[in-house]
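Subject: Structure handover

Hello,

Here is the structure I said I would pass on. My notes on what was found in it follow below.

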Amino acid sequence: MERTIHSLEEMNRLAASLGGSCAGGEVVELIGDVGAGKTTFTKGFAEGLGVTDDVQSPSFTISRVYAARDGLELHHYDLYRLTEPGIVQYDVAESVQDSKVVTVIEWGGTVQGVLPAGRTTITFSYGEAETERHVKLQTDDTRLKEAYAAGG
Ligand SMILES: Nc1ncnc2c1ncn2[C@@H]1O[C@H](COP(=O)(O)OP(=O)(O)OP(=O)(O)O)[C@@H](O)[C@H]1O
Ligand SMILES: [Mg+2]
């Protein structure tokens, strides 16, 4: 499924709708070039998950953990600077197996080996206008599919 998003606000609504549909255990890999909107999406997604803390780009820390609604946690990884899977892969492996955790990963190339085959992927690409983005969802998760179709 692919959609064209026309503004930051529309992206935020779509992301919040997807975050709102999560029940724990979801693994969402975000794919796209620098500046395509992965972290921006994560902020809106976190809002939908009831995260009240300010979501920041985890680039310098590799990952950040946020408390979310219903006893859930959002684990946000940005592995852009990771050149080998090392110990980080064990951390990721633990997150993706935890039913109380919703995992979002940017630049997950180095840890593909520990990502579940059934994960959701969202691919972002630039549109023609400055705030236009194409957002492609690949998932088997019915709740996420419905939220994607409805949100934004
Ligand atoms: N519709 C939109 N959706 C998302 N971001 C948008 C949109 N329109 C404009 N932007 C801008 O594009 C930039 C997206 O940056 P963001 O940090 O989210 O990208 P990223 O994919 O996480 O990049 P990186 O690979 O460096 O982590 C932000 O400055 C944001 O304000
Ligand atoms: Mg980012």
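The radius of gyration used here is taken over C-alpha atoms, and the globule rule that goes with it is 2.2 Å times the number of residues to the power 0.38. For a protein of 152 residues, a compact globule would have a radius near 15 Å, and the 14 Å of this protein agrees with that. Please keep in mind that this is a predicted model.

Overall layout

The C-alpha trace spans about 40 × 35 × 30 Å along its principal axes. The protein has four helices and seven strands, and in sequence order they follow the pattern β-α-β-α-β-β-α-β-β-β-α. Of the 152 residues, 39% are buried. Among contacts with a separation of 6 or more, 65% are between residues 24 or more positions apart.

Helix α1

Helix α1 covers residues 8–20, which makes 13 residues. From its first C-alpha to its last it reaches 18 Å, close to the 18 Å expected at 1.5 Å a residue. Its buried residues are Met11, Asn12, Leu14, Ala15, Ala16, Ser17, Leu18 and Gly19. The elements that cover them include β1 (2–5), α2 (38–48), β7 (133–138) and α4 (142–150).

Helix α2

How many of the 11 residues of α2 are buried? Eight are, so α2 is largely enclosed by the rest of the structure. A residue counts as buried when 20 or more other C-beta atoms lie within 10 Å of its own. In α2 the buried residues are Lys38, Phe41, Thr42, Lys43, Gly44, Phe45, Ala46 and Gly48. Their cover includes the helix α1 and the strands β2 (27–31), β3, β4, β5 and β6. After α2 comes Gly50, which has a positive phi, near 80°.

In soluble globular proteins, nonpolar side chains tend to be buried together. Here the largest nonpolar core has 34 residues, and Phe45 and Leu49 touch the most other members. The largest share of this core, five residues, comes from α1. Phe45 is also one of the buried residues of α2. As for Leu49, once its neighbours within four places in sequence are left aside, it is in contact with Gly19, Cys22, Ala68, Arg69, Leu72, Leu74 and Val102. One of these, Gly19, is among the buried residues of α1.

Ligand 1

Which residues are closest to ligand 1? They are Gly37, Lys38, Thr39, Thr40 and Thr131, out of 16 residues that surround the ligand. The shell divides into seven polar, five nonpolar and four charged residues. Both α1 and α2 supply at least two residues of the shell, and the largest share, three residues, comes from α2. Lys38 is therefore on two lists, as one of the closest residues to the ligand and as one of the eight buried residues of α2.

Loops

Asp70 has a phi near 55° and lies in the loop between β3 (63–67) and β4 (73–78). Is Asp70 buried or exposed? Asp70 has 10 other C-beta atoms within 10 Å, so it is exposed. Trp107 also has a phi near 55°, and its place is the loop between β5 (101–106) and β6 (120–126). With 19 other C-beta atoms within 10 Å, Trp107 is partly exposed.

Glu132 belongs to the loop between β6 and β7. It counts as partly exposed because it has 14 C-beta neighbours inside 10 Å. Although Glu132 and Ser7 are 125 residues apart in sequence, their C-alpha atoms are 6.0 Å apart in space. Beyond its neighbours within four places in sequence, Glu132 is in contact with Thr4, Ile5, His6 and Gly127.

Gln56 sits in the loop between α2 and β3. Gln56 is partly exposed as well, with 14 other C-beta atoms within 10 Å. Gln56 and Leu30 are 26 residues apart in sequence, and the distance between their C-alpha atoms is 16 Å.

Regards

Note on methods:
Residues numbered from 1 in each chain as written. Chains lettered and ligands numbered in written order. Predicted model: local features only at pLDDT ≥ 70, side-chain atom pairs only at ≥ 80, totals over all residues. Expected span 1.5 Å × (residues − 1). Buried ≥ 20, exposed ≤ 12 C-beta atoms within 10 Å, placed from the backbone. Contact = placed C-beta atoms within 7 Å. Near = placed C-beta within 6 Å. Nonpolar A, V, L, I, M, F, W, Y, C, P; charged D, E, K, R; others polar. Core = buried A, V, L, I, M, F, W, Y, C linked by C-beta atoms within 7 Å.
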